[in-house]
Amino acid sequence: AMEAARYWLLGGASKPEKRGDEEFAMKRFILGLAMGSGVLVALAVGVWLTIAYTGFYNVAATDPHSDTIRWTFEKTRDRAVERQSAVVKLPEEFGAEKVAEGAEHYAESCVLCHGGPGEEAAEWSHGMRPKPPHLAEAAKEWEPEEIYWIAQNGFKLTGMPAFGESHSEEEILALTAFVTKLPGMTEKEYKQLTGTTGQSDQ
């Protein structure tokens, strides 16, 4: 009985000590985590300010982005468009009249940068960073809802404007209808729709 009581007393006395050690260890862990996070934030801010104020980063369009920066921009763009365009609602099919109307808008506002079937973009557009995609091939990588969203909202830090500022929703819908038809469109069909000769102004 005496041994049992002694064991109980010793066991009961050790629990608070053990619990105290665990609480102390947890506090040290949280403190270390907070300090480490603070150091990382300070380093990130330091790098950001260094780039912003020293002019170290070359912003010239003649200097292409590194693979890492290009991947970051493209991945951010693709995921943002996918997310933001989820609210866009389009008709299941585009009529021929809508496609023809969109061809007019494309010839007026888009061809100089993006070209078309059998038609290269204007020479000066090759100096843009990022380089505008040739939509006769690139349009197939986007859903119609994404094309509509891009045309309406544009992209920051690129030459892609937000046509929603100057075009009605119906005009952007027509432009979307045409761009979705570009992949697989023949040069003859393109020229008939846009009324072009296949030569952009250089």
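Trainee: How much accessible surface does the protein chain have, and what part belongs to carbon and sulfur atoms?

Mentor: The accessible surface of the protein chain comes to about 14,600 Å², and carbon and sulfur atoms account for 59% of that surface. Please keep in mind that this is a predicted model.

Trainee: What makes up the protein chain, helices or strands?

Mentor: The protein chain has 8 helices and 0 strands. Along the sequence the pattern reads α-α-α-α-α-α-α-α.

Trainee: How many of the residues count as buried?

Mentor: Of the 202 residues in the protein chain, 26% count as buried. The word applies to a residue with under 20% relative accessible area.

Trainee: Why is Leu 90 called buried?

Mentor: Leu 90 has a relative accessible area of 18%. The cut-off is under 20%, so Leu 90 counts as buried. You will find Leu 90 in the loop between α2 and α3.

Trainee: Which residues does Leu 90 touch, leaving out those up to four places away in sequence?

Mentor: Leu 90 touches Pro 144, Glu 145, Tyr 148, Leu 173 and Thr 176. Take Tyr 148: Leu 90 and Tyr 148 are 58 residues apart along the chain, yet their C-alpha atoms are separated by 8.8 Å.

Trainee: Which residues of helix α6 are buried?

Mentor: In helix α6, residues 144–153, the buried ones are Glu 146, Ile 147, Tyr 148, Trp 149, Ile 150 and Ala 151. Their cover includes α2 and α7.

Trainee: What follows α6?

Mentor: Gly 154 follows α6, and its phi is positive, near 70°.

Trainee: What makes Leu 157 worth a look, and is Leu 157 buried or exposed?

Mentor: Phi of Leu 157 is near 60°, a positive value in a residue other than glycine. Leu 157 sits in the loop between α6 and α7. Its relative accessible area is 80%, and exposed means over 50%, so Leu 157 is exposed.

Trainee: How do you know that the peptide bond from Arg 129 to Pro 130 is cis?

Mentor: The omega angle tells us: for the bond from Arg 129 to Pro 130, omega is near 0°. Pro 130 belongs to the loop between α4 (111–114) and α5 (135–138).

Trainee: Let's turn to salt bridges. How many does a search of the whole structure find?

Mentor: The search finds 6 salt bridges. Side chains of opposite charge can pair when their charged atoms come close.

Trainee: Why is the pair Asp 67 and Arg 70 called a salt bridge?

Mentor: Their side chains meet at 2.5 Å, N to O. The cut-off is within 4 Å, so the pair Asp 67 and Arg 70 qualifies. Both residues lie in helix α2 (residues 67–84), 3 residues apart, about one turn of the helix.

Trainee: Why is Asp 67 called exposed, while Arg 70 is called partly exposed?

Mentor: Asp 67 has 55% relative accessibility, and exposed means over 50%, so Asp 67 counts as exposed. Arg 70 has 36%, which falls between the 20% and 50% cut-offs, so Arg 70 counts as partly exposed.

Trainee: What makes Arg 77 and Asp 78 a salt bridge?

Mentor: The N to O distance for Arg 77 and Asp 78 is 2.9 Å, and the limit is within 4 Å, so this is a salt bridge. Arg 77 is partly exposed at 30%, and Asp 78 is partly exposed at 24%.

Trainee: How do you know that Lys 98 and Glu 101 meet in a salt bridge?

Mentor: Their N to O distance is 3.8 Å, and 3.8 Å is within 4 Å, so the pair Lys 98 and Glu 101 counts. Both lie in helix α3 (residues 96–109), 3 residues apart. Lys 98, Glu 101 and Glu 170 are linked in a network of salt bridges.

Trainee: Why is α3 called roughly perpendicular to α7?

Mentor: The axes of α3 and helix α7 (residues 169–181) come within 7 Å and cross at roughly 95°. Angles of 65 to 115 degrees count as roughly perpendicular, so α3 is roughly perpendicular to α7. Among the residues making the contact are Lys 98, Glu 101 and Tyr 106 of α3, with Glu 170, Leu 173 and Phe 178 of α7. The residues of this contact divide into 9 nonpolar, 2 polar and 5 charged.

Definitions and conventions
Residues are numbered from 1 along each chain as its sequence is written. Side-chain values use heavy atoms; hydrogens and water are left out. Helices (H or I, at least four residues) and strands (E, at least two) are DSSP runs, numbered from the N terminus. Buried means under 20% relative accessible area, exposed over 50%, partly exposed in between (1.4 Å probe, protein chains only). Contact means heavy atoms within 4.5 Å. Axes are lines fitted to C-alpha atoms, for helices over the stretch in contact, and angles run from 0 to 180 degrees between N-to-C directions. Angles under 35 degrees count as roughly parallel, over 145 as roughly antiparallel, 65 to 115 as roughly perpendicular and the rest as oblique. Ala, Val, Leu, Ile, Met, Phe, Trp, Tyr, Cys and Pro count as nonpolar, Asp, Glu, Lys and Arg as charged, and the others, Gly among them, as polar. Accessible areas come from the Shrake-Rupley method with a 1.4 Å probe; for residues, only the protein chains shown count as cover.
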